[in-house]
Amino acid sequence: MERFSITYTNWKPKTQKLREALCTLGNGYIASRGAVEENHKNEFNYPGTYLAGGYNRAKTEVSGKIIENEDFVNFPNWLCLTFRPEGGEWLNLQSQKVLDYEQILDMKCGILTRVFRIEDDAGRRTAIRSRRLVSMRDKHIAALHWSFTPENWDGMVEFDVALDGTVINDNVDRYKDLERQHLEPLETEKIGDNSIFLMVQTLQSRIIMAQAARTTFLKNNKVLEPVTETYQSKGYIGQVLRTEVKKGETYTLEKIVGIFTSRDRAISEPAVEAKKSIVRAGCFEEIFQRHTDAFKNLWNRADIGMVNGDRNQQLLRLHIFHVFQSVSTNVIGMDVGVTSRGLHGEAYRGHIFWDEIYIFPFLNLRFPELTRSLLMYRYYRIEEARFAAKEDGKKGAMYPWQSGSNGREETQVVHLNPKSGNWIPDNTHLQRHINAAIAYNIWSYFLTTDDQQFLSIFGAEMFLSIAVFWESMTTYNKEKGRYEILGVVGPDEYHTSYPDTDQSGLNNNAYTNVMAAWVMQKALEILSLIEKSRKRELLRELDIKNEDLAVWEDISKKMYVPFIDKYIISQFEGYEKLEEFSWEEYQNKYDDIQRLDRVLESEGDSPNRYKASKQADVLMLFYLFSKSQISTIFENLGYDFSEEMILKNIRYYSKRTSHGSTLSRLVFSWILIKYDQQRSWENFEAVLKSDFEDIQGGTTAEGIHLGAMAGSLDLVQRGFLGLEVGEEALWIKPPILEPLKKISIKVQYRRHWIAISLHEKKLTISFEEGWRNKVKIGVVDKVHEFKLGEVREFDLEK
């Protein structure tokens, strides 16, 4: 059980907000941070509740300008539950004596348990066991369960149960100067003797959320009827339950909450559904049983077994768990995307970036129906992407770097540097490579699932629209005899312009150019895969002529890639002219230079001047493509390519990267597997603990890093196990890592479930079930045909 749980054995208020993020419970639809239920927001407690797709726009004056941001709304706090002996102080672990405290996140069942004993100023000792869940089976239901024991006192006690709609967005310090009020109260109501109701609405987006709560007080499973008094104010409603308790006896309090919104499908209206749901939900134990059954099904599909010490296995499962909280099968059919910080906090305002490229590979092989639904988020916003391209003087579909409710560009115009206190212009919206990431995700999903219907109806339209965009982004340079892409920003993000110039963007970012060329080549291949009638429809609807297709083929063969020398790919044109950065000097000067951009800006300098990157840029090419794939791409472009180039580029850029993103060490771990196993493993372990230990110094409390978490899972399956989804077979080419004794996983490849186990140098493959009786699986360099139910063992030493 230990590897399926995280346990904190003491009460430490200063670390509470980190624990809150890590102990967030959710079901993909809604999630609540692991804040203590007895306190409202304070210095150490932030009870945030977030809805998938729950955005609201607000305007703020910054430096004399009105800017509009779209935020991820903190919705009403449903947790509120506290007690006091009549006339005494309300429960507060910060002011009362904490005798014992233990907090357990049970990842196997999705339950957060707090067990503690406190003593108040009058010497009264009380023991409480609190359990909570956000149901994975009944996505509109959340629940709290208290076991309450007065150890050395008896008398009258008061319990306060409430719903709080007065909350604001206050999770991220650097957003404090921006508008934080997003909710307006609509209604509060007492419904029956033991139930309350709250309804609010977002100010701009007009999303209605209704919450209903039913409270039951029991002793020995017998319902008691305490005296109940309801009180309410604007946006807040509560009930105080008064009853006599006896020393040494244990009482139970259950709070069952129903949550519905105006974004929900197949409902009449949120208020009716919320009130109805708490009547139908049953008691806590019944909800708990359905919830744990749902978790059992999830773990059956998604667990990754790894033998290399309990700690790594535990953290790997923590990452799987938080993927569940953020994007479970409960969102299938909903119009939502994958937020980069999960449903765990307000950082990045809940926006959707390119993190899907790290998240989808894990989902593709276990929950392909979920990936399909999440890809539809992009399809539903294709018209907005087309409008954005047109406004920018381009064609096709230009998806935004940061996306929210309707797919417009949500990247902030200015951002605050907390180190200097300055508001800085933000040009990261020029990361047009997001379009290549979306195309890559479409192709990867298709390869894994062979979902012809999706590709033909939705995927091809998006992919071809992106190809049209890349065509319009390119210009032909006659001197070079190649196509170029000008004025963009690469994945690095530190470099957004050339030194000493006001012009935004860089020319010929190598990653962007290569990915655009790949998109062109794959777009032509997709046209050969879909039905001829659908091909004709799309070419006509998207106004793609034969001449355009000829240009696409030309671009796929003549895209310019800058080089510093024969082996080193230049991050962008002109990179070699930048100054070398004094890494040692700054490492001695500052404790942490992961966010080197903030450090330099606070000194009046800029990373634009230096060969210093936030995260992998050129090296992303070796992360996304296998050696044979990237070699084919470069050869198709007319450039020499060798394995020696990979190693030399790794060495070159390793010395010039600050790892200012949690994604950076993930990429480095991946690309180092073959060349430096020790450093690869060190980077992997850094990724595993990046959120758990908050190695970026405070960012995890604002929301976990979902891309890094899901990416670590993909690193195990595709990197350490050597899984590669091919066009004709599922390939397994394990590198043998000394630190790793065993990996066991189960994957779904084109509707076939396959169990794979690597124990030292023995590979075992079992074809467990599938829609066909045969499946092709490649091992190292040979394709094998497996029959349904067949198990084979391979000795990798031979």
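Thr-411 is placed in the loop that lies between helix H7 (382-391) and strand E21 (414-417); helices (H or I, at least four residues) and strands (E, at least two) are DSSP runs, numbered from the N terminus. The structure is a predicted model, in which local features need pLDDT of at least 70, side-chain atom pairs count only at pLDDT 80 or more, and totals for chains, interfaces and linings use all residues. Residues are numbered from 1 along each chain as its sequence is written, and side-chain values use heavy atoms, with hydrogens and water left out.

Is Thr-411 buried or exposed? Thr-411 is buried, since its relative accessible area is 10%; buried means under 20% relative accessible area, exposed over 50%, and partly exposed in between (1.4 Å probe, protein chains only). The side chains of Thr-411 and Glu-409 form a polar contact of 2.5 Å. A polar contact is a pair of N or O atoms within 3.5 Å; within protein, one must be able to donate a hydrogen and the other to accept it, and residues adjacent in sequence count only if both atoms are side-chain atoms. Apart from neighbours within four places in sequence, Thr-411 is in contact (heavy atoms within 4.5 Å) with Trp-401, Gln-402, Asp-426, Thr-428 and His-429.

## Arg-408 in the loop between H7 and E21

Arg-408 also belongs to the loop between H7 and E21. Its side chain makes a polar contact of 2.9 Å with the side chain of Glu-68, and one of 2.7 Å with the side chain of Glu-410. When neighbours within four places in sequence are set aside, the residues in contact with Arg-408 are Arg-57, Glu-68, Glu-384, Pro-400, Gln-402 and Ser-403.

## Arg-341

Arg-341 is located in the loop between helix H4 (310-326) and helix H5 (356-364). This residue is buried, with a relative accessible area of 3%. A polar atom of the Arg-341 side chain lies 2.6 Å from the backbone oxygen of Thr-699, and the side chains of Arg-341 and His-705 make a polar contact of 3.4 Å.

Beyond neighbours within four places in sequence, the contacts of Arg-341 include Ala-347, Tyr-348, Glu-702 and Ile-704. Between Arg-341 and Leu-416 there are 75 residues of separation in sequence and 19 Å in space, C-alpha to C-alpha.

## Helix packing around H19

Two packed helices are described by the angle and the distance between their axes. The axes of H4 and helix H19 (residues 677-689) come within 9 Å and cross at roughly 55 degrees; axes are lines fitted to C-alpha atoms, for helices over the stretch in contact, and angles run from 0 to 180 degrees between N-to-C directions. H4 is therefore oblique to H19, because angles under 35 degrees count as roughly parallel, over 145 as roughly antiparallel, 65 to 115 as roughly perpendicular and the rest as oblique. Among the residues that make this contact are Leu-315 and His-319 of H4, and Trp-681 and Phe-684 of H19.

Helix H18 (residues 662-672) packs with H19 at an angle of about 150 degrees, and their axes are 8 Å apart. H18 and H19 are therefore roughly antiparallel to each other. Residues of H18 in this contact include Leu-666 and Phe-668, which belong to a group meeting residues of H19 such as Asn-683 and Val-687.
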